[in-house]
Amino acid sequence: MSAVFARVPEITRKLNQQTTSEAVLSTTATEIGTQWNLGRCIVALRKPGSPTSAWKEFISGGNKLTGVDVLQPLVCGLHDLAVEKGTLACPDIASTPELQPFTSQLSSLAAKSLLVQPLTDGNNHVGVLLLIDGAPRYW
């Protein structure tokens, strides 16, 4: 695990150099997706119960772009679930009952494992980070 976290200071410096929220989101998705060798990494800004206000997505080679009609309800639903239950680490999506309502969207992403991390500012939920991979993965 230490190798995964070795670049955290470098990633933090890159984030601190960004001047817009869009650039921060893009850098976050790209750096985490690349560092963790993910199939997909999505970072979204959103208040619970509302649509996303912004998001960026990292997609590794071999994975397909997905439309907003799939991603918007998936991001919103997973964020609401994480607000309710906390961080969700799912090494095998098929065996995670809480994810059954999202089977269709996750299947269209070829997702086999998922980590859902709510983003907070103090006590306020402000977004979500989704780490998605096409193979079972222990987060």
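## A walk through the salt bridges, strands and loops

In this predicted model, R40 and E57 form a salt bridge, with 2.6 Å between their closest N and O atoms. The two partners come from distant parts of the chain: R40 sits in strand β1 (residues 40-45) and E57 in strand β2 (residues 54-59), 17 residues apart. Are these two residues buried or exposed? R40 counts as buried, because its relative accessibility of 2% falls under 20%. E57, with a relative accessible area of 23%, is partly exposed.

Side chains of opposite charge can pair when their charged atoms come close.

Look now for K14 and E31, whose side chains meet in a salt bridge with an N to O distance of 3.0 Å. K14 lies in helix α2 (residues 8-16) and E31 lies in helix α3 (residues 21-35), so this pair ties together parts that are 17 residues apart in sequence. K14 is partly exposed, with a relative accessible area of 27%, while E31 is buried at 11%. The pair also belongs to a network of salt bridges, in which E10, K14 and E31 are linked.

The next stop is the salt bridge between D80 and R46, where the closest N and O atoms are 2.8 Å apart. D80 lies in helix α4 (residues 68-85) and R46 in the loop between β1 and β2, so the pair ties together parts that are 34 residues apart in sequence. D80 counts as partly exposed, at 32% relative accessibility. R46, on the other hand, is buried, with a relative accessible area of 4%.

Stay with helix α4 for a moment and find D69, which has its place there. D69 is exposed, with a relative accessible area of 61%. How far apart are D69 and R46 in space? From C-alpha to C-alpha they are 16 Å apart, and in sequence they are separated by 23 residues.

In the loop between β2 and α4 you will find T66. T66 is buried, because its relative accessibility of 18% is under the 20% cut-off. Leaving aside residues up to four places away in sequence, T66 touches R40, L71 and L109. R40 is the residue we started with, the partner of E57 in a salt bridge.

Another residue to look at is Q105, in helix α5 (residues 103-108). Q105 is buried, with a relative accessible area of 17%. Again not counting residues up to four places away in sequence, Q105 touches V70, P73 and L74.

Let us turn to the strands toward the end of the numbering given here. Strand β3 (residues 88-90) and strand β4 (residues 113-121) run antiparallel and are joined by three bridges. Strand β4 also runs antiparallel to strand β5 (residues 124-133), and nine bridges join these two. L115 in turn stands opposite L131 in β5. In a regular strand the side chains alternate between the two faces of the sheet.

What do β4 and β5 form together? They form a hairpin, with two residues between the strands. In the turn, G122 has a positive phi of about 65°.

This brings us to the backbone angles elsewhere in the chain. Most residues other than glycine have a negative phi, and most peptide bonds are trans. Which residues other than glycine have a positive phi here? Among them are N37, with a phi near 50°, and A110, with a phi near 55°. N37 has its place in the loop between α3 and β1, and A110 in the loop between α5 and β4. N37 counts as exposed, because its relative accessibility of 62% is over 50%. A110 is partly exposed, at 45%.

Notes: Residues are numbered from 1 along each chain as its sequence is written. This is a predicted model: local features need pLDDT of at least 70, side-chain atom pairs count only at pLDDT 80 or more; totals for chains, interfaces and linings use all residues. Side-chain values use heavy atoms; hydrogens and water are left out. Helices (H or I, at least four residues) and strands (E, at least two) are DSSP runs, numbered from the N terminus. Buried means under 20% relative accessible area, exposed over 50%, partly exposed in between (1.4 Å probe, protein chains only). Contact means heavy atoms within 4.5 Å. A salt bridge is a side-chain nitrogen of Lys or Arg within 4 Å of a carboxyl oxygen of Asp or Glu. Two strands pair if DSSP finds at least two bridges between them.
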